[in-house]
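Hi everyone, thanks for coming.

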Amino acid sequence: MAPVDTARARAAMKTSIATVSISGEFPEKLAAIAKAGFTGVEIFENDFLTYDASPREVSRMAADHGLDITLFQPFRDFEGMPEPHRARAFDRAQRKFDIMGELGTDLILICSNVSPISLGGIDRAAADFYELGELAARHGVRVGYEALAWGRHVSDHRDAWEVVRRADHANVGIILDSFHTLSRKIDPNSIRSIPGDKIFIVQLADAPLFDMDLLYWSRHFRNMPGEGDLPVVDFMRAVAATGYNGPLSLEIFNDQFRGGSARALAEDGHRSLVYIMDQVRRLEPDIAITAPDMPDRIHTQGVEFVEFTTAAEDKDDLGALLSTLGFSRSARHRNRDVDLYTQGDIRIVINTDTQSDSFASASYSVHGTNAYAFGIKVENAADALKRAAALGAPTFAEPRQPGEAAVPAIQGVGNGVVYFLDDTPALSGIWDNEFVAIDEKSEAAGAGLTRIDHLAQTTRYDEMLTWLLFYTSIFSTRRTPMVDVVDPGGLVRSQAIESVPEPAFRLTMNGADSRKTFAGKFLAEGFGTSIQHIALATDDIFATAKQLEARGFQALPISRNYYDDLEARFGLEPEFSDALRAASILYDRDDNGEYFQIYSRTFGEGFFFEVVERRGAYAGYGAMNAPFRIAAQRRLLRPDGMPKS
Ligand code: MG
Ligand code: MG
């Protein structure tokens with residue numbers, strides 16, 4: 001295939017979103033939709049009726065934002081009506097067609113009839129649509145027929161298509177909606193036989209897999225493509241195979257989104273469309289697909305470093321904690337107040353450059369001490385930046401001093417910074433070129449820690465999907481199923497993403513609903529989403545525990561009850577559980593292997609380290625131990641919720 005001009009492809013990709021999908025007042029919605037890069041918008045009649053704008057005003061507002069009105073909806077209970085309802089349905093249609101003229105759109109969505117008085121029969125419906133097509137033609141508009149998953153007589157796009165095919169009218173086409181097809185587990189490949197020019201618009205939505213009433217599921221739990229569990233990519237591949245090249249329009253009904261930020265939802269939505277079309281383009285190389293050209297999902301080779309920002313007066317405390325974990329302060333930045341601590345392949349950077357106008361300084365003044373940045377090792381850092389930018393991630397750069405490399409970076413979760421590093425000399429050389437080695441290594445340095453096992457980010461629950469989509473769209477990763485962690489103060493939902501094929505990069509996201517949870521307190525005290533813990537890997541947890549103890553490391557004390565329960569649950573030998581208890585090691589086991597965890601006490605606003613050993617192919621994160629960890633952390637809190645010093 002010829003290389004595609006990115007700017008032209010982006011301009012040509014027609015993206016749209018229904019106003020009902022995002023929160024806010026009507027003008028705020030339009031502004032957010034335009035800002036996120038959409039070219040079109042679906043107008044829900046209720047949205048402007050409740051805002052008290054006329055169709056002409058709506059048309060002008062959309063035009064002011066450069067948005068096409070791709071669709072007017074919904075029109076319900078049209079086909080198969082007995083008289084006198086049938087005549088009334090045509091009257092209603094006539095009125096809607098008049099509104100469409102004022103709105104400046106030529107397409108209306110007619111969803112399949114749910115009325116108990118409606119009559120079935122493909123030919124009856126086709127005849128109604130032929131007549132409606134004639135009326136539409138006189139008004140210069142088109143009608144699109146959508147099979148609702150819970151329609152009374154038509155609930156399958158294959159039947160809707162048969163109605164449209166038999167109506168055989170140029171102004172009548174089909175509207176496909178991924179939710180209605182995929183929620184009923186209808187094979188999306190059945191779409192391939194529909195001529196692309198008879199598909200008037202394609203609506204996309206994903207959803208988590210729930211076994212519930214289809215209508216309720218659809219109205220409350222839809223989410224952006226890539227955020228749920230439905231095979232929306234397969235659906236879109238089949239659509240692409242028809243030659244359809246019209247707007248891709250998001251139609252998302254989600255209770256949580258209604259309370260979210262309009263700007264963030266619009267950005268997530270646009271990202272989801274770019275991401276899905278990038279996947280379709282790669283899976284269907286023989287089809288001309290309009291999508292931005294960008295590098296494929298980025299393979300990650302692990303976390304190269306984590307960087308804390310802190311004040312000069314707090315840096316010794318953090319350094320002391322690292323020292324008890326076996327780290328050595330091994331280098332200092334040539335130009336800046338930045339120290340490098342190392343152990344095994346782990347690099348931890350402490351930035352106390354708080355006098356300058358650096359981003360680290362700004363992050364410190366908002367959040368206090370926090371792990372505001374990390375670096376991911378990739379094959380090609382420039383490619384990683386290109387892909388992230390194409391997916392709408394804000395790129396990040398700071399003024400450099402002479403001799404400092406330009407490290408490609410983006411702003412990620414909680415406005416933290418994600419750097420991309422690779423093996424090019426400029427990037428792999430930064431540790432030697434920009435840092436001066438210092439010899440503070442005591443002979444007892446090292447506690448057997450080898451690499452970063454995972455980073456754990458804490459976020460508000462309603463932002464979790466945003467960040468999951470962010471990571472999974474940029475990086476070659478998979479999501480683990482969501483698990484609920486019970487905190488005495490409320491539920492914390494936890495989900496991990498792991499790089500594939502090798503889990504070299506692991507990140508857990510913990511979504512807190514309530515300020516009363518330990519994670520929620522961290523959010524409140526630290527003013528937002530951030531890395532709350534860093535898990536460091538060892539190959540021998542018991543040897544590491546001994547070394548940590550010798551270095552004065554204070555493990556998070558775990559209750560005796562935990563070990564009694566553990567012994568019973570797994571049938572552990574008493575000597576083994578005694579050894580775990582003596583070193584405050586938590587334990588988990590599944591069919592694949594074993595997991596050992598030691599937690600540090602909390603630092604600053606509730607940050608902590610974890611030391612882990614994985615044996616065999618254990619792939620989890622010890623979720624069932626989390627309530628015990630949280631209980632132990634809570635016992636160490638002062639009554640005001642701050643860590644006891
Ligand atoms: Mg729909
Ligand atoms: Mg962990």
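By salt bridge I mean a side-chain nitrogen of Lys or Arg within 4 Å of a carboxyl oxygen of Asp or Glu. Arginine 479 forms a salt bridge with aspartate 229, and their closest N and O atoms are 3.9 Å apart.

Quick note on ground rules: this is a predicted model, where local features need pLDDT of at least 70, side-chain atom pairs count only at pLDDT 80 or more, and totals for chains, interfaces and linings use all residues. Residues are numbered from 1 along each chain as its sequence is written, chains are lettered from A and ligands numbered from 1 in the order in which they are written, and side-chain values use heavy atoms, with hydrogens and water left out.

So which domains are there? The assignment gives domain 1 (6-283), domain 2 (300-437) and domain 3 (449-635), with bounds that come from an automatic or database domain assignment.

Back to that interface. Here, 12 residues of domain 1 are in contact with nine residues of domain 3, contact being heavy atoms within 4.5 Å. The two domains bury about 1,000 Å² between them, and carbon and sulfur atoms give 54% of that. Glu227, Gln256 and Arg271 supply 52% of the area that domain 1 buries against domain 3, more than any other three residues. Buried area, by the way, is the accessible area (1.4 Å probe) that two parts lose on being put together, summed over both.

Which helix gives the most to the side of domain 1 that touches domain 3? That's H12, with four residues. Helices here are DSSP runs (H or I, at least four residues), strands are too (E, at least two), and both are numbered from the N terminus.

Now the metals. Which residues hold the magnesium ion called ligand 1? Its protein donors are Glu146 (OE), Asp177 (OD), Gln203 (OE1) and Glu251 (OE), lying 2.1 to 2.2 Å from the ion. Donors are N, O and S atoms within 2.8 Å of the metal (3.2 Å for Na, K and Ca), and water is not among the atoms, so sites may look incomplete. Along the chain, these donors follow the spacing E-x30-D-x25-Q-x47-E. Distant parts of the chain get linked here: aspartate 177 is in strand E6 (residues 172-177), while glutamate 251 is in the loop between strand E8 (248-250) and H11, 74 residues apart.

The other magnesium ion, ligand 2, is coordinated by His454 (NE2), His533 (NE2) and Glu610 (OE), at 2.2 to 2.3 Å. The spacing there is H-x78-H-x76-E. Histidine 533 in strand E22 (residues 530-538) and glutamate 610 in strand E25 (residues 608-616) are 77 residues apart.

Last stop, the backbone. The peptide bond from glutamate 83 to proline 84 is cis, with omega near 5°, and proline 84 lies in the loop between strand E3 (68-75) and helix H5 (85-103). The bond from valine 500 to proline 501 is cis as well, omega near 5°. You'll find proline 501 in the loop between strand E20 (490-499) and strand E21 (506-512).

That's my tour, over to you.
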